[in-house]
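Here is a short report on one protein chain. Please look over the sequence and the fold before reading on.

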Amino acid sequence: ICPLRHFEDATAAVSELRDKLQDVLTEDCRTISCAISDVDVLLARPDAMSRADFLMFSVCISLDPDTMYRDMLLPVSYHRTRYLKQTQSLPSHPDRFTYYFQVMSNEGLLGQNYWEVELRGGGACVAAAYRNGTVAERTFGFNNKSWALNCTQTGYTFYHNSVETPVPGPVSSRIGVYLDHTAGILCFYSVSETMTLIHRVQTRFTQAIYPGLRVNRQCSVESSSLF
């Protein structure tokens, strides 16, 4: 028996195994890198995402009764609201809207989020806003702290900082909203059998975003459960 020969054979075998392992790891790294790149491209282009992609970021939105205007009804589920013909007797609260038929969510959102709103009846406004400042400063779309899509049975209008922008898109009773807080992206979609981008905002968010709703007469709005 020649110990040196056995040692050389073992060394060669280990070297061959190391080379094969290195090849496998290199290929896996390339695959993972490509997959990450594909995801990065997809998330950077929400217009190319499917509804299934958005549902990965779905959140359940509950409406805050302390912000609700007195002529609105908020059932115990806190996910739906509608206009009332009579005025309710509601306790005073510094966050309550007193001039507009508006309500805000309990949840302040950061990161990537997606939610949907179901519209029934007349027109309504689907909004995303900061929650600081006075009530007047939180009128959806008429300040630099909120972004609002007004939805009617004939079309859409986007509002931000008191600027009104008519936007095209297929009319639907369901509106999807995608927020990428870090990337500064806010998108509104018409949701039916397919998803159609209505309007995209590119900005820099400095605070948590709160979903909001404004309803018109004869309208009910529901934050749809996606779970």
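How many bridges join strand β9 to β10, and in which sense do the two run? Six bridges join β9 (residues 174–180) to β10, and the strands run antiparallel. Two strands count as paired if DSSP finds at least two bridges between them.

## Basis of the model

This is a predicted model, in which local features need pLDDT of at least 70 and side-chain atom pairs count only at pLDDT 80 or more, while totals for chains, interfaces and linings use all residues. Residues are numbered from 1 along each chain as its sequence is written, and side-chain values use heavy atoms, with hydrogens and water left out.

## The chain overall

The chain holds two helices and 13 strands. Helices (H or I, at least four residues) and strands (E, at least two) are DSSP runs, numbered from the N terminus. Of the 227 residues, 43% count as buried. Buried means under 20% relative accessible area, exposed means over 50%, and partly exposed lies in between (1.4 Å probe, protein chains only).

The accessible surface comes to about 12300 Å². Carbon and sulfur atoms make up 55% of that surface. Areas come from the Shrake-Rupley method with a 1.4 Å probe; for residues, only the protein chains shown count as cover. Among contacts (heavy atoms within 4.5 Å) with a separation of 6 or more, 61% link residues 24 or more positions apart.

## The six-stranded sheet

Six strands form an open sheet in the order β3-β12-β5-β6-β7-β8, with antiparallel pairing. β3 (102–104) and β8 (163–167) stand at the edges with a single partner strand each, so one side of each has no neighbour in the sheet. Neighbouring strands are turned by 20° against each other on average, direction ignored.

V126 has L213 in β12 as its bridge partner.

β10 (residues 185–191) is mostly covered, with seven of its seven residues buried. In a regular strand, side chains alternate between the two faces of the sheet. I185, C187, Y189 and V191 point one way from β10. L186, F188 and S190 point the other way.

On the β11 side (residues 195–202), seven bridges pair the strands in the antiparallel sense. Y189 stands opposite L197 in β11. Three residues separate β10 and β11 in their hairpin.

## A buried glutamate

E116 lies in β4 (residues 112–121). Is E116 buried or exposed? E116 is buried, at a relative accessible area of 0%. The E116 side chain makes polar contacts with the side chains of Y114 at 2.6 Å and R174 at 2.7 Å. A polar contact is a pair of N or O atoms within 3.5 Å; within protein, one must be able to donate a hydrogen and the other to accept it, and residues adjacent in sequence count only if both atoms are side-chain atoms.

Most residues other than glycine have a negative phi. N161 has a positive phi of about 55° although it is not a glycine. S162 has a positive phi of about 70° and is not a glycine either. N161 is partly exposed at 42% relative accessible area. S162 is partly exposed at 46%.

Key: Axes are lines fitted to C-alpha atoms, for helices over the stretch in contact, and angles run from 0 to 180 degrees between N-to-C directions.
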